[in-house]
Amino acid sequence: MNKSDNLMYREAADYLASRIPGNPETVIILGSGLGSLADQIELATVIPYAEIPHFMHSTATGHKGNLIYGKLGGKEVLAMQGRFHYYEGYTMQQVTFPVRVMKLLGIQNLLVSNAAGGINPSFKVGDLMIIRDHINMMPNPLIGPNNELFGTRFPDMTRAYDRELIRLAEEIATSLNIPLKKGVYVGLTGPSFETPAEYAFYGRVGGDAIGMSTVPEVIVARHAGLRVFGMSVITNEGYHFADDFVNDGADVIVAADRAATVMTTLFRELIARI
Ligand code: HPA
């Protein structure tokens, strides 16, 4: 049923296995403006997405379109510098394609990052938030015949974000004096930003931060049994609006870029300990 999809995952994974001189267990997906983490990867092999069979191209601003192999925190890692969003016009299968390729490559841990709007009024621009749970407002990427190669029809999402990885990240943050928030990420399609009424609505139903990515990859990763850790960088505040306020994608990238250094430190130390 999923034969041609599985062939595509396999071809991409086989190609990457031929280009990667090792066996990384962790992949990091870098969100908008957070691609600079990749500069910290030692002995890097850079593989442009365009060279990987069946990979999509990255069109979103702040997303470069490279898969990078190398060492971070003394461990082998892969980093996706640029991800695919539903709002770019990709199908959910295309958005999550790399996650299944990673699974076939032997990856066990997914570290995922994003830029997000803060809807918890205690969150400020530049804050880092550990994602402890999510609310999915996008189409579910697992809709359609279940792909038995990867997982079960009705995958559990009770602990989508790994408790042990959250505990470790909090321990590291405390020891390095890095202030962290923790909360619920609301994933929606975009590409329009939310109205003030929508920000307020998602805050009332339990969201702390809001963005246009991450949830599809996390659902497909959990379906395939990967361990997931997620972090949002708060790039704008969706709870009070000055009369002349305008939500601007360029400001989001600038704010994410500033926070990238701290997030990189945290990810490096986390990787060193998993
Ligand atoms: N809303 C949705 N996505 C986002 C936001 C936001 O406010 N900020 C960064 N990504």
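Begin by selecting the ligand together with the residues that surround it: Ala115, Ala116, Gly117, Phe193, Glu194, Tyr199, Ile210, Gly211, Met212, Thr235, Asn236 and Val252. The model on display is a predicted one.

**The ligand and its contacts**

At Gly117, a backbone N or O atom lies 3.2 Å from a nitrogen atom of the ligand. Glu194 places a polar side-chain atom 2.6 Å from a nitrogen atom of the ligand, and Tyr199 has a polar side-chain atom 2.7 Å from an oxygen atom of the ligand. Taken alone, the ligand exposes 260 Å², of which the protein buries 95%.

Which strands each supply at least two residues of the shell? They are β5, β8 and β9. The largest share, three residues, comes from β5.

Now select β5, residues 109–118. Ten of its ten residues are buried, so the strand is largely enclosed by the rest of the structure.

- Strand β1 (residues 26–30) runs parallel to β5 and is joined to it by four bridges. Thr26 has Asn109 of β5 as its bridge partner.
- Strand β9 (residues 227–237) pairs with β5 in the parallel sense over ten bridges. Here Val112 has Gly230 of β9 as its bridge partner.
- Strand β8 (residues 209–211) runs antiparallel to β5, and two bridges join them. The bridge partner of Gly117 in β8 is Ile210. Both Gly117 and Ile210 also belong to the residues around the ligand.

**Helix α6**

Proceed to helix α6, residues 249–272. Its 24 residues reach 33 Å from the first C-alpha to the last, close to the 34 Å expected at 1.5 Å a residue. Move along the helix to Ala260, on which a kink of about 40 degrees is centred.

Colour the buried residues of α6 next; among them are Val252, Ala255, Ala256, Ala259, Ala260 and Met263. An α-helix has 3.6 residues a turn, so residues three or four places apart point the same way. Val252 is buried in α6 and is also one of the residues surrounding the ligand.

**Helix α2**

Select residues 92–105, which form helix α2. This helix has 14 residues and reaches 21 Å from its first C-alpha to its last, close to the 20 Å expected at 1.5 Å a residue. At Pro98, α2 bends by about 35 degrees. Pro98 is itself buried, as are Phe97 and Val99, among other residues of α2. Gly106 follows the helix and has a positive phi, near 100 degrees.

Most residues other than glycine have a negative phi, and most peptide bonds are trans.

1. Select Pro191, in the loop between β7 (181–187) and α4 (196–204). The peptide bond from Gly190 to Pro191 is cis, with omega near 5 degrees.
2. Select His54, in the loop between β2 (42–48) and β3 (66–72). Its phi is positive, about 70 degrees, although His54 is not a glycine. With 32% relative accessibility, His54 counts as partly exposed.
3. Select Asn177, in the loop between α3 (163–175) and β7. Phi of Asn177 is also positive, near 60 degrees, in a residue other than glycine. Is Asn177 buried or exposed? Asn177 is exposed, because its relative accessible area is 70% and the cut-off for exposed residues is over 50%.

Notes: Residues numbered from 1 in each chain as written. Predicted model: local features only at pLDDT ≥ 70, side-chain atom pairs only at ≥ 80, totals over all residues. Heavy atoms only, no water. Expected span 1.5 Å × (residues − 1). Bend = angle between axes of the 7 residues up to and from the residue. Buried < 20%, exposed > 50% of the residue type's maximum accessible area, 1.4 Å probe, protein only. Pairing = 2+ DSSP bridges. Near = heavy atom within 4 Å. Polar contact = N/O pair within 3.5 Å; in protein donor to acceptor, adjacent residues only side chain to side chain. Areas by Shrake-Rupley, 256 points an atom, 1.4 Å probe, with all protein chains shown as cover.
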